[in-house]
Amino acid sequence: GAAVYLLLRGRCRVFHRSAEVRWAKYPELKEGDAFGEISVALEQPVTACVQAIGPAVALKLPAQVFHEKCSPTPRCGRW
């Protein structure tokens, strides 16, 4: 993942594509929810698609900044 996002306004749909199911739907994201954090923390590709339902505003925290500011071991900068 390239970034962690915090949904400030609006709602979003989340879909996951897998070999077993063409598209699996997850609960909607609402204001205050975050997404992208698992991919960034594990340094893995994203596995879901997020789509805004109407107007939305999200705060983008790039992966590098996330690791620098949110890592439990700041001196090494990684999880």
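User: In this predicted model, is S39 buried or exposed?

Analyst: Happy to start there. S39 is found in helix α1, and α1 covers residues 37-42. Buried means under 20% relative accessible area. The value for S39 is 10%, so S39 counts as buried.

User: Which residues is S39 in contact with, leaving aside its neighbours within four places in sequence?

Analyst: Contact here means heavy atoms within 4.5 Å. With neighbours within four places in sequence left aside, the partners of S39 are G1, Q44, P45, V46 and T47.

User: What pattern does the protein follow when read along the sequence?

Analyst: Let's begin with the parts: there are two helices and four strands. Reading along the sequence, the order of these elements is β-β-β-α-β-α.

User: Which residues make up the largest nonpolar core, and which element gives the most to it?

Analyst: This core has five residues in all: L7, C12, V14, L29 and F35.

User: How many residues apart are R9 and E31, the pair that forms a salt bridge?

Analyst: The closest N and O atoms of R9 and E31 are 3.8 Å apart. The pair links distant parts of the chain, with R9 in strand β1 (residues 3-16) and E31 in the loop between β2 (24-29) and β3 (34-35); the two are 22 residues apart.

User: What is the N to O distance in the salt bridge of E28 and R11?

Analyst: Both side chains are partly exposed, E28 with a relative accessible area of 37% and R11 at 41% relative accessibility. The side chains of E28 and R11 meet in a salt bridge with an N to O distance of 2.6 Å. This pair links distant parts of the chain, E28 in strand β2 and R11 in strand β1, 17 residues apart. The distance you asked for is 2.6 Å.

User: How far apart are the closest N and O atoms of K30 and D33?

Analyst: K30 is exposed, with a relative accessible area of 53%. In its salt bridge with D33, the closest N and O atoms are separated by 3.7 Å.

User: Where is A56, and what separates the C-alpha atoms of A56 and R11?

Analyst: A56 has its place in strand β4 and is partly exposed at 37% relative accessibility. Not counting residues up to four places away in sequence, A56 touches L7, R9 and G10. A56 and R11 are 45 residues apart along the chain, and their C-alpha atoms are separated by 6.6 Å.

User: Why are the buried residues of α2 on the same side?

Analyst: In helix α2 (residues 63-70), the buried residues include A63, F66 and H67. They are on the same side of α2 because they cover an arc of only 95° around the axis.

User: What carries the face of α2 turned away from its buried side, and what covers the buried residues?

Analyst: The face turned away from the buried side has the exposed residues Q64 and K69. As for cover, the elements over the buried residues of α2 include β1, α1 and β4.

Note on methods: Residues numbered from 1 in each chain as written. Predicted model: local features only at pLDDT ≥ 70, side-chain atom pairs only at ≥ 80, totals over all residues. Heavy atoms only, no water. Salt bridge = Lys/Arg side-chain N within 4 Å of Asp/Glu carboxyl O. Buried < 20%, exposed > 50% of the residue type's maximum accessible area, 1.4 Å probe, protein only. Core = buried A, V, L, I, M, F, W, Y, C linked by side-chain atoms within 4.5 Å. Arc of directions from axis to C-beta.
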